[in-house]
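Me: I'd like to go through this structure with you. Can we take the helices and then a couple of residues?

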Amino acid sequence: MSNYNLDDVKEMAGGDEEFLLVVVQTFLEEIPPDVAAMNEAIDNDNPSLAYQYAHKMKPNLQMFGLNLMEQIKVIEAWSKHGQRKEEVPQASEIITKKVDVATEALKRDFNLG
């Protein structure tokens, strides 16, 4: 059982394996640093910056089937409305762990070590 789902990526690639690989590589290059920056913004109590990173990552997290929309919504609610702040640390931890596991699996599965 994989912790990511490439169905949407494969559909977008339309059988173009090179394009699929580029999308995976782009995810690996951009998403882990964005997660780290989001966590730093949360640690520094900067909801506006945390929102920017969470919002930026949302389409990629969805496209790779990581099912993190509830956690992203927690960060967005904190950032936009000052709500759910007590849930933010747990939400960011879930996002971080899931992205870390998916990153390792994608590197392994695509031999991008």
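Me: What kind of model is it, and what are the ground rules?
Reply: This is a predicted model: local features need pLDDT of at least 70, side-chain atom pairs count only at pLDDT 80 or more, and totals for chains, interfaces and linings use all residues. Residues are numbered from 1 along each chain as its sequence is written, and side-chain values use heavy atoms, with hydrogens and water left out.

Me: Start with helix 3. How many residues, and how far does it reach?
Reply: Helix 3 covers residues 47-63, so to speak 17 residues, and reaches 25 Å from first C-alpha to last. That is close to the 24 Å expected at 1.5 Å a residue. The expected span is 1.5 Å times one less than the number of residues. Helices are DSSP runs of H or I, at least four residues, numbered from the N terminus.

Me: Where is the kink in helix 3?
Reply: At M57, about 35°, shortly before the proline P59. The bend at a residue is the angle between axes fitted to the seven residues ending there and the seven starting there.

Me: Which residues of helix 3 are buried?
Reply: A50, Y51, A54, M57, L61 and M63. Buried means under 20% relative accessible area (1.4 Å probe, protein chains only).

Me: And what covers them?
Reply: The cover includes helix 1 (7-13), helix 2 (17-43), helix 4 (69-81) and helix 5 (88-109).

Me: What follows helix 3?
Reply: G65, with a positive phi near 65°.

Me: Now helix 4. How does its span compare with the one expected?
Reply: Its 13 residues reach 17 Å from first C-alpha to last, close to the expected 18 Å. Helix 4 is followed by G82, where phi is also positive, near 65°.

Me: What do the buried residues of helix 4 pack against?
Reply: Helix 2, helix 3 and helix 5. The buried set in helix 4 is M69, Q71, I72, V74, I75, E76, A77, W78 and S79.

Me: How do helix 3 and helix 4 cross?
Reply: Their axes come within 9 Å and cross at roughly 155°. Axes are lines fitted to C-alpha atoms, for helices over the stretch in contact, with angles from 0 to 180 degrees between N-to-C directions. So helix 3 is roughly antiparallel to helix 4; that label needs an angle over 145 degrees.

Me: Which residues make the contact?
Reply: On helix 3, P47, A50, Y51, A54, H55, K58, L61 and Q62. On helix 4, M69, I72, I75, E76, W78, S79 and K80. Contact means heavy atoms within 4.5 Å.

Me: V35, then: buried or exposed?
Reply: Buried, because its relative accessibility is 3%. V35 sits in helix 2.

Me: What is V35 in contact with?
Reply: M57, I95, T96 and V99, leaving aside neighbours within four places in sequence.

Me: Which residues does D34 touch?
Reply: Y53, K56 and M57, not counting residues up to four places away in sequence.

Terms used: Helix = DSSP H or I, 4+ residues; strand = E, 2+ residues; numbered from the N terminus. Buried < 20%, exposed > 50% of the residue type's maximum accessible area, 1.4 Å probe, protein only. Parallel < 35°, antiparallel > 145°, perpendicular 65-115°, else oblique.
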